[in-house]
Amino acid sequence: MLRQPNILLLCGDESQTPSLRDVLSNHARVTSAADLLELKVLLENACFDAVFCAWSFRLGNWRSALHEVQRLNPDLPVIVFSTTGGEREWVDVLDAGGFDLLTDPYRNNTVLPALEQATASYDARLLKRITEQSR
């Protein structure tokens with residue numbers, strides 16, 4: 001990554017994700033949201049390169065968050081994270097339009113590749129949109 005990405009971390013309970021927060025904080029600027037209302041306000045008032053979203057959080061889950069992100073910024077990648085999960089959950093996330101599913105343990109060798117791919121994908125989509133609009 002050439003620049004430090006700006007990440008929105010949606011997680012109702014900060015104590016659930018200390019290892020994920022540690023990995024992200026070492027490589028990105030992290031802004032936290034606890035629920036869908038905070039997510040919406042932050043997305044409307046700031047620019048982010050990716051959203052990391054807990055499987056479930058206060059008054060919501062990853063599907064509701066993904067829907068809100070897609071409504072406000074359809075190109076913004078959403079990486080869902082969960083303490084457990086397998087192939088079925090991963091396919092559910094991808095089929096719904098999520099970028100990836102990460103499962104615990106959250107380590108540099110799993111989180112950083114997903115972060116890099118998500119931000120590169122987002123940058124490419126933005127560049128494509130700008131190019132198309134300038135024609």
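**Fold and local features of the predicted chain**

Of the 135 residues of the chain, 39% count as buried (under 20% relative accessible area, with exposed meaning over 50% and partly exposed in between, for a 1.4 Å probe and protein chains only). The model is predicted, so local features need pLDDT of at least 70 and side-chain atom pairs pLDDT 80 or more, while totals for chains, interfaces and linings use all residues. Residues are numbered from 1 along each chain as its sequence is written, and side-chain values use heavy atoms, without hydrogens and water.

The chain holds five helices and seven strands. Both are DSSP runs numbered from the N terminus: helices are H or I with at least four residues, and strands are E with at least two. Along the sequence, the pattern reads β-α-β-α-β-β-β-α-β-α-β-α. The C-alpha trace spans about 45 × 30 × 30 Å along its principal axes. A compact globule of 135 residues would have a radius of gyration near 14 Å, and the chain agrees, with 14 Å. This radius is taken over C-alpha atoms, and the globule rule is 2.2 Å times the number of residues to the power 0.38.

Among contacts with a separation of 6 or more, 60% join residues 24 or more positions apart.

Helix H1 covers residues 18-25, and its residues Leu-20, Arg-21, Val-23 and Leu-24 are buried. These residues lie on the same side of H1, because they cover an arc of only 165° around the axis. The arc is that of the directions from the helix axis to the C-beta atoms.

Helix H3 (residues 62-72) contains Glu-68. Glu-68 is buried, at 14% relative accessible area. Leaving aside residues up to four places away in sequence, Glu-68 touches Leu-39 and Lys-40.

Two loops show backbone exceptions. Most residues other than glycine have a negative phi, and most peptide bonds are trans. Leu-59 is not a glycine, yet its phi is positive, at about 60°. Leu-59 sits in the loop between strand E4 (56-57) and strand E5 (60-61). With 78% relative accessibility, Leu-59 counts as exposed. Asp-104 and Pro-105 are joined by a cis peptide bond, with omega about 10°. Pro-105 lies in the loop between strand E7 (100-103) and H5.

Notes:
Contact means heavy atoms within 4.5 Å.
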